[in-house]
Amino acid sequence: MRALLYHGPGDLRVEEVPEPEPVPGDVLVQVEVALTDGTDAKAFRRGHPLLVAQVPSPFGHEFCGIDVATGRRVVAANSAPCGECAPCRRGEETLCENLRPFLNGAYAEYLLVPARIAERNLLRSPPGLAPEVAALVEPLACCLRGIERAEVEAGQTVAVLGPGPIGLMLCAAARDAGAWVVAVGGRPERRELAREFGAEPGDGQGADVLIEAVGSAEAWHDGLELVRPGGTVVFFGGREVAVDTFRLHYEELTLRGAFHHTPRHVRAALAFLASGAYPWERLVTHQVGLEQVAGLLADPPRDLLKAAVVP
């Protein structure tokens with residue numbers, strides 16, 4: 001089969017590789033569509049300690065496809081908690097000590113879903129849901145987890161810094177939780193699109209909750225400046241940054257990280273997509289083949305949100 005393999009930063013190659021052979025419990029999926037995302041873009045530029053720990057490596061993890069054995073359209077999240085380690089027993093599944101194997105390799109004609117992930121996080125796509133929309137289930141599940149970590153309550157003002165694909169999904173999730181949502185920063189066309197995902201453009205000053213969805217040190221500092229005294233800042237991207245603890249101490253800010261998802265978030269995300277509550281299809285702005293992925297990640301078009309990769 002044809003697959004896109006990662007050989008190092010900036011080096012993606014379409015190659016002929018053996019078709020995966022499932023063992024009992026595994027599920028072989030014929031990929032209909034895979035989606036680009038920010039994690040893949042970062043991994044393309046500088047590697048990733050979990051998704052491309054060894055090279056050459058399969059690449060891509062957001063997808064929708066056909067279960068070869070049953071003919072059903074399915075989606076899957078890219079890992080599953082073990083349910084046995086100490087964090088899992090405490091109910092902290094996102095901190096599972098055994099999250100691996102991470103599902104990777106969606107930029108290919110076929111993808112093997114390992115048994116552990118297939119058992120807990122392989123779901124049938126609802127009838128009538130477009131494959132490229134169903135493939136949004138994994139990042140949307142992460143966003144639902146982020147809103148949960150933020151402890152968003154009805155009536156609060158939630159500012160989302162960075163109206164990219166993740167930021168727009170966070171806007172929709174916060175609005176669905178009953179918050180008044182403000183989209184901060186980004187290009188004018190992105191801020192306008194945020195209206196369709198439940199947010200109003202604004203500066204975010206004095207927000208009860210500030211969710212950083214840019215992944216830059218500058219955005220982290222901005223988040224700490226914008227949130228109200230006593231407010232909560234959720235860092236959705238991982239960066240090393242120095243923090244001025246003046247506000248943290250004297251104004252009792254709460255800083256939280258948000259990582260990954262759990263099986264219940266994945267199921268909730270799929271139901272949210274199927275509801276049609278927001279124009280999810282607008283998050284997928286381009287379509288490319290395997291050969292065009294490297295060029296797209298190296299020089300993304302200005303209007304790119306997510307691209308559908310059709311093997």
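User: How many aromatic pairs does the structure hold?

Analyst: The structure holds nine aromatic pairs. Rings of Phe, Tyr and Trp (its six-membered ring) pair if their centres lie within 6.5 Å; planes under 30 degrees apart count as stacked, over 60 as edge-to-face and the rest as tilted. This is a predicted model: local features need pLDDT of at least 70, side-chain atom pairs count only at pLDDT 80 or more, and totals for chains, interfaces and linings use all residues. Residues are numbered from 1 along each chain as its sequence is written, and side-chain values use heavy atoms, without hydrogens and water.

User: Why is the pair of phenylalanine 197 and tyrosine 278 called stacked?

Analyst: The ring centres of phenylalanine 197 and tyrosine 278 are 6.3 Å apart and the planes stand at 10 degrees, so the pair is stacked.

User: What makes phenylalanine 272 and tyrosine 278 edge-to-face?

Analyst: Their centres are 5.9 Å apart, with 85 degrees between the planes. Edge-to-face needs planes over 60 degrees apart.

User: Why is tyrosine 278 called buried?

Analyst: Buried means under 20% relative accessible area, exposed over 50%, partly exposed in between (1.4 Å probe, protein chains only). Tyrosine 278 has 12%, so tyrosine 278 is buried. Phenylalanine 197 has 0% and is buried.

User: How do you know that aspartate 37 has no salt bridge?

Analyst: A salt bridge is a side-chain nitrogen of Lys or Arg within 4 Å of a carboxyl oxygen of Asp or Glu. The nearest side chain of opposite charge (Lys and Arg count as positive, Asp and Glu as negative; His and the chain ends are not counted) is lysine 306, 5.2 Å away from aspartate 37.
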